[in-house]
Amino acid sequence: MDTTRLKRKTFPATALVNLMLCIGLFLIVCGLLTDKPLLALGAICAPLCLFIVGYGFVKPRFIFFLYITYAYFFVCVMRYFQISKLSFGLDILLIYMVCALILSVLNRKKEFDISQTVNGLTFFYSIWVLYILIQILNPGTEEFGITHAFRILIFCNLAIYISLSLLLNTPKVLHYFLICWGCFTIIAFIKLMYQKYVGFDLGERIFLHQGGERTHILVTGIRYFSIFTDAGNFGPHMGAVAVIYSIACIYIKNNWLKIFFAVVAIMGLIGMFLSGTRSAIAVPFGGLVLYCLLCKNIKIFTSVAVIGLLSFSFLAFTNIGDSNRFIHRMRTAMQPKEDASFNTRLTNREMISEHMKDKPWGIGIEKSIPMLWSKPDGSYREGILPPDSYFVDIWIQYGIIGLIIHIIMYSGILLWGSYLVLFRLNNFYLRQILAIFLGAVLGFLINGYAGQCIEQPPTNIFIYSLLAFVMNGPYIDKQLSKENNNYIL
């Protein structure tokens with residue numbers, strides 16, 4: 001009798017699986033016979049997609065790794081296939097991640113504590129959201145700006161911060177995050193070497209011909225960008241990789257991972273130099289400065305400080321390696337007044353300052369300052385006054401009031417994170433990792449004075465992830481103490 005009931009229960013499920021299999025085979029055959037390969041490919045991939053969707057609802061952290069993978073590579077896919085608006089896929093994955101988390105919280109899974117969403121990152125960004133709502137009333141903010149404000153600045157960013165606060169709170173996730181980021185870096189480095197020694201492929205040449213060559217093919221040499229949006233995004237990102245993995249490889253227990261992290265760190269350093277982005281040097285130097293202040297170890301402080309000072313002196317006070325154009329270009333960052341592009345930035349900022357005198361609230365969300373540029377033949381063309389950096393762009397859109405609030409926001413996040421690292425962590429190794437995470441974020445913010453990588457994918461999602469790990473530091477620390485585990489990697 002029990003066997004009969006079991007058969008009745010399993011029969012509908014078996015029949016459904018067989019029916020789906022038959023439909024899938026039918027679609028594959030139709031696609032091949034009618035010369036519609038996309039139909040056949042869709043039928044082949046459908047079971048895998050259903051499995052991934054189902055698994056993501058059971059393991060929401062899996063969706064996070066899907067998200068950062070998509071964020072890392074979707075720009076590259078757009079470039080090669082000439083497909084626009086693939087960033088919409090990030091919104092779909094974000095909604096997927098939020099839905100999975102809501103179901104997990106409703107099912108009262110102990111691994112997701114809703115109280116973790118109240119931290120320095122979400123608190124200070126909520127203040128920025130209030131200012132954005134005020135900015136919607138700015139006469140300069142048009143319909144597109146209002147849409148951007150609600151879709152990206154309010155919904156997406158808050159959803160990301162809250163989701164990461166729930167997901168990035170275990171030693172295992174931190175472990176896999178560093179391995180995953182390291183694998184991404186190796187792929188980006190291989191592409192960088194291909195660009196340097198083989199040349200740019202068709203998709204990259206199209207990007208360069210559409211205006212990219214103006215900033216990447218210079219008299220002083222080529223600025224390489226690998227699979228990133230541009231060299232200005234690639235350089236600082238690789239600088240962060242260099243400094244984070246250099247420190248991480250010191251405190252790792254597994255010898256194979258120690259070698260892996262050391263290789264990734266070297267790749268990051270080479271990538272930063274080959275990008276030709278001078279402001280990228282701020283990321284490792286800024287990261288090391290804050291790390292020295294937070295590490296709470298005199299030996300480490302002394303050794304890292306000496307290495308940092310020697311590196312700075314090498315670039316600032318010597319001519320060693322000037323024959324290498326990448327080292328020479330980085331060295332010019334130490335003498336900015338002698339650099340033509342830096343002086344152009346100063347000139348642009350003087351014009352921006354003149355335009356913003358009577359606009360303390362900014363010109364509106366997603367708005368730019370129009371400008372007429374002279375051509376060689378004496379005519380003029382319409383354009384915009386380029387902000388050239390993240391913080392200047394904030395200044396233009398949100399005014400001096402918005403810029404001050406934004407700086408206070410990030411200062412508060414860094415101070416909150418520094419307090420957690422200094423006083424709320426007992427695990428020595430965890431403190432070192434999270435200290436360099438916070439240092440890298442400071443480096444990105446310093447870079448924001450001259451670059452815009454803070455708001456560009458994939459760098460932006462990695463900055464959010466680093467901050468989320470720092471904010472969840474005490475939770476990770478408690479788990480390590482319960483497991484009596486000194487090492488996190």
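Q: Phenylalanine 64 and phenylalanine 65: buried or exposed?
A: Both are buried. Keep in mind that this is a predicted model.

Q: How many aromatic pairs are there?
A: The count comes to 37 aromatic pairs. Phenylalanine 64 and phenylalanine 65 form one of them, and it is edge-to-face. The centres are 5.1 Å apart, with 70° between the planes.

Q: And what about the rings of tyrosine 72 and phenylalanine 184?
A: That pair is tilted, because its planes meet at 35°, which falls between the limits of 30 degrees for stacked and 60 for edge-to-face. The ring centres are 4.9 Å apart.

Q: Where do tyrosine 72 and phenylalanine 184 sit in the chain?
A: Tyrosine 72 is in helix α3, residues 60-81. Phenylalanine 184 is in helix α7, residues 171-197. The pair links distant parts of the chain, 112 residues apart.

Q: Why does tyrosine 72 count as buried?
A: Its relative accessible area is 1%, and buried means under 20%. Phenylalanine 184 is buried too, at 6%.

Q: Switching to charges over rings. Which ring does arginine 79 lie over?
A: Arginine 79 lies over the face of phenylalanine 207, at 5.0 Å from the ring centre.

Q: And arginine 349, which ring does its charged end sit over?
A: The ring of tyrosine 449, at 4.5 Å from the centre.

Q: OK, salt bridges. How many does the structure hold?
A: Six. One of them joins lysine 367 to glutamate 142, with the closest N and O atoms 3.7 Å apart.

Q: Which parts of the chain does that pair link?
A: Distant ones, 225 residues apart. Lysine 367 is in the loop between α14 (340-355) and β3 (370-374). Glutamate 142 is in the loop between α5 (120-135) and α6 (143-167).

Q: What does lysine 357 form a salt bridge with?
A: Glutamate 354. The closest N and O atoms are 3.4 Å apart. Both residues are exposed.

Q: And which side chain does lysine 359 meet?
A: Aspartate 358, at 3.3 Å from N to O. Lysine 359 is partly exposed at 26% relative accessibility, whereas aspartate 358 is exposed at 59%.

Q: Which residues are linked in a network of salt bridges?
A: Lys191, Asp201 and Glu204.

Q: Let's go to the inside. How many residues are in the largest nonpolar core?
A: It has 136 residues. Ile244 and Phe437 have the most contacts inside it. Helix α15, residues 390-423, gives the most to this core, with 14 residues.

Q: What is isoleucine 244 in contact with?
A: Leaving aside neighbours within four places in sequence, its contacts are Leu178, Trp181, Ile436, Phe437, Ala440 and Leu466.

Q: Zooming out: how many helices and strands are in the protein?
A: There are 18 helices and four strands.

Q: What share of the residues is buried?
A: Buried residues make up 48% of the 489.

Q: And what share of the contacts comes from residues 24 or more positions apart?
A: They account for 74% of the contacts with a separation of 6 or more.

Q: Last one: what does the accessible surface come to?
A: About 25000 Å². Carbon and sulfur atoms hold 69% of that.

How values were computed
Residues numbered from 1 in each chain as written. Predicted model: local features only at pLDDT ≥ 70, side-chain atom pairs only at ≥ 80, totals over all residues. Heavy atoms only, no water. Helix = DSSP H or I, 4+ residues; strand = E, 2+ residues; numbered from the N terminus. Buried < 20%, exposed > 50% of the residue type's maximum accessible area, 1.4 Å probe, protein only. Contact = heavy atoms within 4.5 Å. Areas by Shrake-Rupley, 256 points an atom, 1.4 Å probe, with all protein chains shown as cover. Core = buried A, V, L, I, M, F, W, Y, C linked by side-chain atoms within 4.5 Å. Salt bridge = Lys/Arg side-chain N within 4 Å of Asp/Glu carboxyl O. Phe/Tyr/Trp six-rings, centres within 6.5 Å; stacked < 30°, edge-to-face > 60°. Lys NZ or Arg CZ within 6 Å of the ring centre and 35° of its normal.
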